[in-house]
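Welcome! Please take a moment with the sequence and the model shown here, and then we will walk through them together.

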Amino acid sequence: MNQPLRPTSRPSSHYAPGMLDRTFKAHMAALTQGITPAGVATVIYEWLAHLAMSPGKQLALAEEAGFKLEYLLRYIRQANMAPDTPPCIAPTLQDTRFAGDAWSRWPYHVIYQSFLLQQEWWESATTNIDGLSRSTENVVSFIGRQILDRWSPSNFPWLNPEVIDTTLEQGGMNFVRGWENFCEDWERQMTGQPPVGSEAFKVGENLATTPGKVVYRNHLIELIQYTPTTNKVFAEPVLIVPAWIMKYYILDLTPEKSLVRYLLDQGHTVFMISWRNVDSEDRELSMGSYRRLGPEAAIDVVSSILPERKIHAVGYCLGGTLLTIQAATMARDDDNRLASLTLLAAQVDFTEAGELSLFISESEVDYLESMMQERGYLDGYQMAGAFQLLRSNDLIWSRMVREYMLGERQPMHPLMAWNADVTRMPYLMHSQYLRRLYLNNDLASGRYIVGDRPIAITDIAVPIFSVATSSDHVAPWRSVYKIHLLTDTDEVTFLLTSGGHNAGIVSEIGHPRRTYQVETRYEKQSYVDPDTWQQMTPTHQGSWWPVWQEWLVERSSKEQVDPPAMGGESYAPISDAPGTYVLQR
């Protein structure tokens, strides 16, 4: 009996389903600021499902709500009789929204305390639920905080006594100025112009002014050799690998806030990588491309200019992660040109990468890939938006109140101008970075492939100096501390400084309120967990720069030498510092 013929393949269609999905997600991402609705819906559903199956937790939440209402009513009654009654709940030290004296007046003190009690209740509602994973808990708590921050009474002019007082004093002119500020910001954002005030800061004029020469250039980097400022220098040069998510001159901000200038004045020869700001034609640049054209190429050039001298390699943020990959590759291949490895706010293990990891899941990465595939890169303004969400109180809502309701412009300063000078991340590299490091944690697990073989951080044998900052939302210090668990080198020096991801690193001599803790752990010493380490280690006042510089000196040749010629015999200077790549928009 003849069987009906079946097609051997699916009939061709006039559309590609995968491409249609990508295009749809790319256009949706423009409306959702790159945050995947599917991922958000998934974690909210998981939280609600587990909460629905936890009657004990529901009873505890109902009981807590009753207690908080009782606290508030008791406070209102006592405050009516004694105005100096202490509040029933106080903001955290970091929360300055209700710090003004005006918030202690009736009825505003009741309004803000009822808000803080609700905020505390929602924190309880999104945590410690049976069966709910820690990662889901963190995401739901973060979403809850973002919603509450948005609806804080400080954000509404009729609930904010400081706005009301200013409006009455100025006859509403604060709103006129605020409207002008809003229109100016909106116009600049739509036309791609930098923020108001940034035009006062120019790279090469009052930013990144340390003299030097570009001695090497390839498609991805310019290598700057800085002009020595001392008659004698230490033999071993310092090579700095900054992140390409930012412009390099965060480390050469102004003459007073320049780590580069500080090292030069102490007698070090300094080289700096300046990354090119990629465009859509660079979509296929990979993590491997950045390693080969970045630190690997720079080390080859420095070794050619200064042959037979080992290099103090320094990596900042993502540049530190890439430098660790390069150092492990060199160790695997018996390349011993490094004298030491310094990591500044750099992670090599991404299992506890802080609140930034809340944006990174399989759903979110797929969503970002669709968005990047359309352009070939991730736009710097989209990355800046994600970083702002990590500190939305300070960077979004407080700014909105100050500039649009009070009509006061915050003066631009060098760090803000640098922060506004955004960069782009190529499609393939960023996809590999998120998948291989954040999602799979390949580097810390020994699965990261360079060439055709994996590398291991445990192969790195040179001394390591790791710097973390106490208020870092990008590279949390406890995550950075894991370097102790991942290396077999004879010594690891860990330093924890006050400040955030950028301000803590730019910690010039004489900076007020800077503190640090530092300790060196040797190979035979037992492991100490980060919280115990923080409690045991003495706190010192001042900048951490001198401590690190002394550490470099101890691992350098004792006899100083004449400063090297710019570019040596092999590389003629191409242009003056800061070069051309840093000027790309």
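Predicted model: local features only at pLDDT ≥ 70, side-chain atom pairs only at ≥ 80, totals over all residues.

Let us begin with helix H3, residues 55-81, and helix H4, residues 108-125, whose axes come within 10 Å and cross at roughly 165°. Angles over 145 degrees count as roughly antiparallel, and H3 and H4 are therefore roughly antiparallel to each other. The crossing of H3 past H4 is right-handed. On the H3 side, the residues that make the contact include Leu-61, Ala-65, Leu-72 and Ile-76, while those from H4 include Val-110, Leu-117, Trp-121 and Ala-125. Charged residues take part as well, among them Lys-57, Glu-64 and Lys-68 of H3 and Glu-120 of H4. By class, this contact has 10 nonpolar, 4 polar and 4 charged residues.

The peptide bond leading from Trp-106 into Pro-107 is cis, and its omega is near 0°.

Now let us turn to helix H13, which will come up several times. One of its partners is helix H5: the axes of H5 (residues 134-150) and H13 (residues 392-405) come within 10 Å, crossing at roughly 25°. That angle makes H5 roughly parallel to H13, and their crossing is right-handed. Gln-146, Asp-149 and Arg-150 are the H5 residues in this contact, and they meet Ser-392, Asn-393 and Trp-397 of H13. Sorted by class, the contact of H5 with H13 has 1 nonpolar, 3 polar and 2 charged residues.

Helix H7, residues 173-191, also packs with H13, at an angle of about 115° and with the axes 6 Å apart. From H7 come Asn-174, Phe-175, Gly-178, Asn-181, Phe-182 and Asp-185, and from H13 come Arg-399, Glu-403, Tyr-404 and Met-405. Here the classes are 4 nonpolar, 3 polar and 3 charged.

Which element gives the largest share of the lining of the second largest pocket? The answer is H13, with 5 residues. This pocket holds about 290 Å³ of space. Its lining is made up of 13 residues, and Thr-96, Arg-97, Glu-162, Ser-398 and Val-401 are the ones nearest its centre. The lining divides into 3 nonpolar, 5 polar and 5 charged residues.

There is a cavity to look for as well. The count of cavities of 30 Å³ or more comes to 1, and the largest cavity has a volume of about 60 Å³. Among the residues that line it are Trp-244, Met-246, Tyr-248, Trp-275 and Val-582, together with Lys-247 and Arg-276. Its lining has 5 nonpolar, 3 polar and 2 charged residues.

Ala-208, in the loop between H7 and strand E1 (212-217), has a positive phi of about 55° although it is not a glycine. Further along, Pro-578 lies in the segment after strand E15 (575-576), and the peptide bond from Ala-577 to Pro-578 is cis, with omega near 15°.

Key: Residues numbered from 1 in each chain as written. Heavy atoms only, no water. Axes fitted to C-alpha atoms, helices over the stretch in contact; angles between N-to-C directions. Helix = DSSP H or I, 4+ residues; strand = E, 2+ residues; numbered from the N terminus. Parallel < 35°, antiparallel > 145°, perpendicular 65-115°, else oblique. Left-handed = near helix turned anticlockwise from the far one by under 90°. Contact = heavy atoms within 4.5 Å. 1 Å grid on protein atoms, 1.4 Å probe; cavity = no way out; pocket = protein on both sides within 12 Å on 5 of 7 lines; lining within 4 Å. Points joined across faces, edges and corners; volume = space filled by probe spheres on them.
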